[in-house]
Amino acid sequence: MHHRAPAPSRRTLLTVTAAAAVAAVTGVTVPTAHAAPAPAPVPAEERDRGDRRLRELIARMSLAEKVGQLFVMRVYGHSATDPDQADIDANLKEIGVRTGAELVERYHVGGVIYFAWAHNTRDPHQIAGLSNGLQRAALAQDTPVPLLVSTDQEHGIVARVGKPATLLPGAMALGAGGSAEDARAAGRIAGAELAALGIRQDYAPVADVNVNPANPVIGVRSFGADPEAVAALVAAQVKGYQGAGIAATAKHFPGHGDTAVDSHNGLPVITHTAEEWAAVDAPPFRAAIRAGIESIMTAHIVVPALDPSGDPATLSRPILTGILRERLGFDGVVVTDSLGMEGVRTKYGDDRVPVLALKAGADQLLNPPDLSVAWHAVLKAVEGGELTEARLDESILRILRLKRRLGLFEEPYVSSAGVDRTVGTRAHLAHADRIAERTTTLLVNEEGFLPLSRRTHPRVLVVGADPASPSGTTGPPTGVLAAAFTELGYTARALSTGITPTPALIEQAVAASAGQDVVVVGTYNLSATSSQLTLLARLAATGVPVVTVALRNPYDVARTTGQRATLAAYSWTDVELRAAVRVIAGRARPRGRLPVAVRSAADPERVLYPVGYGLSYRR
């Protein structure tokens, strides 16, 4: 039986914490049990002395060097000086340079962002070598300044660095686990490995509160739908990442959790009132700031209640300066989300966006589609008086302070020994497995079908979706699930039926189920018209027991029928899939609890599984 419980509508959820809203709107912070202590202040004399040296460094920079420090740019290639020819060609076409070293030399960029698709992250030693090569180029300039290398390593469904590095459960999985200590430990492991690779700024954790099940861009990247629970886990991850020596980045301010539009492809409008924003969206960012967050990423979203101009938050002075800086008191680095995304390019041209972002209060300009256009636009804005050089100096000082706090002026390079000692160690991998076991959520278990006995159900067929690996180094999910069953002594085989199984594949799966004791079906983002539902119905009609594993969104369970059991894994990376199998087999108890509500597909006002729901096994 599906569990049903009365629950408020999403609009009600947005208005439940009025007292907290009033406190947030007036700028008065209300302490909570989850509030992280403020970081220890740096003695004024020491801070002033350090700032004086940084100001002297800024004074030695040319205007071109100052403009460059504001940009964080992509570049193709596994090497800073000797990339593959295809990457040279891509760099020439998109950036007008051949290599990463040339990028640094020509544009004096303050940072570089790594992507797997740009071939920056092939293996740990290569990544470390690339980081060192880029640092050498930065320190060979007329005014030597170390780079701040960054990436999006959220874990779960967003990971740019793959195996053999440790891959950990993503945010919603950690939300299901509900453990601040696990969230902190995951951040600590991830941060230590990134630091060993020379990546010192991570665009994580996601601080968005996912109150909209239809959100196409955040979803399982969020810790959940409860603002205070999300705030506690965000603060824990900040402590973990930054305790390991990297800068964490809370994103996407002022909150991207209630949208049905992907800002990569359009400009979302968030209709929260100011009070709803303060109650729902603000708490995780407040918690991150209290935890000492080094940087915050902006969102390409319009929030009329916070700025009625129609400008996206990235370009909004009322939001970035008025709210983030002045009301919330954040004086760290503000980095834009990628300036190549459609959400920030809808209203203004690529030559206006970087200038307007700086005028709004941003410090780092991330990944513009055409660096030459953006770089020269900022240069001309200063030369023409629209931006002052003092305004640039203000942002550069924040960026340099961050580089100083990270120790980049003293130790910009990393070592092979550090990579071997830190990345993908047995201890880290084992810890990731233990964390994952505490996140798997059992949602359906008809008549106690699970745990699955190897003696009574030894033959397992695994079918379902095989979405591409987030890092390019894991999966396919059906194969990983089958291999995990095999390791536990089952006789398992895998058949990939895909995200949109064809009639022929469905027939093949039905035929393959003959003689099996159980069929495990991996579902992926089910919709009302998904042919995955046809596959599931046909398999259930065979009489062979079916167990479904939601590979991504736990909302899949609202659309499935006929299965004996359902689990939510929150991602299809190996660590979470192996944990799901250990739960199915009874090697681990299901301990995860839903961090979001699952509503009826037919009647969204009715909750099938509330926040906090999750079954356990009888002892």
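This report describes selected local features of a predicted protein model.

## Confidence

The mean pLDDT of the protein is 92, and 92% of the residues score at least 70. Residues 1-40 are a stretch where pLDDT stays under 50. The model still has 68 contacts beyond four places in sequence for residues 1-40. Where pLDDT is low, the predicted coordinates should not be read in detail.

## Helices α9 and α10

Helix α9 spans residues 180-196 and helix α10 spans residues 227-243. Their axes come within 7 Å and cross at roughly 35°, and the crossing is right-handed. On the α9 side the contact is made by A180, A183, R184, A186, G187, R188, A190 and G191. On the α10 side it is made by L233, A236, Q237, K239, G240 and Y241.

The loop between β6 (201-202) and α10 holds N212. With a relative accessibility of 10%, N212 counts as buried. A polar atom of the N212 side chain lies 2.9 Å from the backbone nitrogen of A214.

Helix α11 covers residues 274-290 and has a kink of about 60° at A282, shortly before the proline P283. Of the 17 residues of α11, 14 are buried, so the helix is largely enclosed by the rest of the structure. G292 follows α11 and has a positive phi, near 90°.

Helix α12 covers residues 317-327, and its buried residues are I319, L320, T321, I323, L324 and R325. The elements that cover these buried residues include α11, α14 (353-360) and α16 (389-405), as well as the strands β7 (247-253), β8 (295-298) and β9 (333-335). At the N-terminal end, α12 is capped by S316, with a side-chain oxygen 3.1 Å from the backbone nitrogen of I319. After α12 comes G329, with a positive phi near 75°.

I127 belongs to helix α7 (residues 124-139). Its relative accessible area is 1%, so I127 is buried. I127 and L197 are 70 residues apart along the chain, yet their C-alpha atoms are separated by 5.9 Å. Apart from neighbours within four places in sequence, I127 is in contact with Y114, N120, T121, R122, V161, L197 and I199.

S571 sits in the loop between β16 (565-568) and α22 (574-584). The relative accessibility of S571 is 0%, so this residue counts as buried. The side chains of S571 and E576 make a polar contact at 3.3 Å. Beyond four places in sequence, the residues in contact with S571 are G156, I157, L551, R552, E576 and L577.

## Backbone features in loops

Cis peptide bonds join L450 to P451, with omega about 5°, and G475 to P476, with omega about 0°. P451 is in the loop between β11 (441-445) and β12 (459-464). P476 is in the loop between β12 and α19 (477-487).

H108 is not a glycine, but its phi is positive, about 55°. This residue lies in the loop between α6 (100-107) and β2 (111-114), and H108 is buried at a relative accessible area of 16%. N525, also a residue other than glycine, has a positive phi near 50°. N525 is located in the loop between β14 (518-523) and α21 (531-541), and its relative accessibility of 31% makes N525 partly exposed.

Methods. Residues numbered from 1 in each chain as written. Predicted model: local features only at pLDDT ≥ 70, side-chain atom pairs only at ≥ 80, totals over all residues. Heavy atoms only, no water. pLDDT = per-residue confidence, 0-100. Contact = heavy atoms within 4.5 Å. Bend = angle between axes of the 7 residues up to and from the residue. Helix = DSSP H or I, 4+ residues; strand = E, 2+ residues; numbered from the N terminus. Buried < 20%, exposed > 50% of the residue type's maximum accessible area, 1.4 Å probe, protein only. Polar contact = N/O pair within 3.5 Å; in protein donor to acceptor, adjacent residues only side chain to side chain. Axes fitted to C-alpha atoms, helices over the stretch in contact; angles between N-to-C directions. Left-handed = near helix turned anticlockwise from the far one by under 90°.
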